Amino acid sequence: MEAMMSLSLASDDVLFMQRLWRAEGTYKGKLDGEWGAQTEAAQQAFDSESRRIEVLGGGFDTRSEASIHTLCLRAQREARRFLARVLGTGLRVRIISGTRTYAEQDRLYRQGRFGNPGRIVTNAEAGESNHNFGLAWDIGVFTATGGYLPDGPEYDRAAAAGLVPGLEWGGNWHRLVDKPHYQLATGIDLADLRTRFEAGSAGPLYA
Ligand SMILES: [Zn+2]
């Protein structure tokens, strides 16, 4: 979030941030995709609280921090506790991805499809992933020399250490097992979440 320059954001991305900050309770303005004073103030409030949570929770590696800072505040707190539990086992784990705007989700969905290069990494189109609502993160396991391990038994060990009530793990999914993936349990289905998020009425889920 902090790395984003407001001037470079497309209107859709501004709208996305407004929805997220509306859910957080820091944005009271219109959901109009226009970057104005209220959006600016909401970003400052959000960034300030994110930094406070970081100081309280102890800092992690740069990549994990960058990913965690894109999450909603409730998920930031949970992701930090999660990562601390996992690192406590000695596993070399980082949080390598957090929130994606609809545009970013769309780019990811198109990877490996429609003649685009890369391998298929998601079945979720824009608006179909908890990553699109600030509620989900992915981990990566790394070797002692910094090499990335895309799979392996370490992902099960990470879940054994990190999973607690209130979190959901993609490793427990049946349709598409996704062991790097974690999300806050919202208790409602994704379509309902999306409707509420877009309408600016998802606040209770983010409290
Ligand atoms: Zn994921």
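Guide: Let us begin with a pair of helices. Helix α1 (residues 11-24) packs against helix α2 (residues 37-57) at an angle of about 60 degrees, with the two axes 10 Å apart. Note that this is a predicted model, in which local features need pLDDT of at least 70, side-chain atom pairs count only at pLDDT 80 or more, and totals for chains, interfaces and linings use all residues. Residues are numbered from 1 along each chain as its sequence is written.

Visitor: How are such numbers to be understood?

Guide: Two packed helices are described by the angle between their axes and the distance between the axes. Axes are lines fitted to C-alpha atoms, for helices over the stretch in contact, and angles run from 0 to 180 degrees between N-to-C directions. Helices (H or I, at least four residues) and strands (E, at least two) are DSSP runs, numbered from the N terminus. Angles under 35 degrees count as roughly parallel, over 145 as roughly antiparallel, 65 to 115 as roughly perpendicular and the rest as oblique. α1 and α2 are therefore oblique to each other.

Visitor: What is the hand of the crossing of α1 and α2, and which residues meet there?

Guide: The crossing of α1 and α2 is left-handed; that term applies if the near helix is turned anticlockwise from the far one by less than a right angle, and right-handed applies if clockwise. From α1, Val14, Met17, Gln18, Trp21 and Glu24 meet Thr39, Ala42 and Phe46 of α2. Two residues are in contact if their C-beta atoms, placed from the backbone, lie within 7 Å. By class, the contact of α1 with α2 has 5 nonpolar, 2 polar and 1 charged residues. Here Ala, Val, Leu, Ile, Met, Phe, Trp, Tyr, Cys and Pro count as nonpolar, Asp, Glu, Lys and Arg as charged, and the others, Gly among them, as polar.

Visitor: At what angle do the axes of α2 and α4 cross?

Guide: The axes of α2 and α4 cross at roughly 15 degrees and come within 10 Å. That makes α2 roughly parallel to α4. The crossing of α2 and α4 is right-handed. The contact joins Glu49, Ser50, Ile53 and Gly57 of α2 with Leu73, Gln76, Arg77 and Arg80 of α4. Its residues divide into 2 nonpolar, 3 polar and 3 charged.

Visitor: How does α4 pass α6?

Guide: Helix α4 (residues 73-87) and helix α6 (residues 154-162) have axes that come within 8 Å and cross at roughly 120 degrees. That makes α4 oblique to α6. α4 passes α6 in a right-handed crossing. Phe82, Arg85 and Val86 in α4 meet Ala158, Ala161 and Gly162 in α6. This contact of α4 with α6 has 4 nonpolar, 1 polar and 1 charged residues.

Visitor: How many residues does the largest nonpolar core have?

Guide: In soluble globular proteins, nonpolar side chains tend to be buried together. A nonpolar core is a set of buried Ala, Val, Leu, Ile, Met, Phe, Trp, Tyr and Cys residues joined through C-beta atoms within 7 Å. The largest one has 37 residues, and those with the most contacts inside it are Cys72, Ala79, Leu83 and Ala158. Among the elements that give two or more residues to this core are α1, α2, α4 and α6, together with β1 (93-97) and β2 (136-142). α1 gives the most to this core, with 7 residues. Leaving out residues up to four places away in sequence, Ala158 touches Val86, Leu91, Val93, Ile139 and Val141.

Visitor: Is Cys72 buried or exposed?

Guide: A residue is buried if 20 or more other C-beta atoms lie within 10 Å of its own, exposed if 12 or fewer, and partly exposed in between; C-beta atoms are placed from the backbone. Cys72 is buried, with 23 other C-beta atoms within 10 Å. Cys72 is placed in the loop between α3 (62-68) and α4. Beyond its neighbours within four places in sequence, Cys72 is in contact with Leu20, Ala23, Glu24, Gly134, Leu135 and Tyr206.

Visitor: Where is Gly59 found?

Guide: Gly59 is in the loop between α2 and α3. Gly59 is exposed, with 11 other C-beta atoms within 10 Å.

Visitor: What is the phi of Phe114?

Guide: Most residues other than glycine have a negative phi, and most peptide bonds are trans. Phe114 has a positive phi of about 55 degrees although it is not a glycine. Phe114 lies in the loop between α5 (102-110) and β2.
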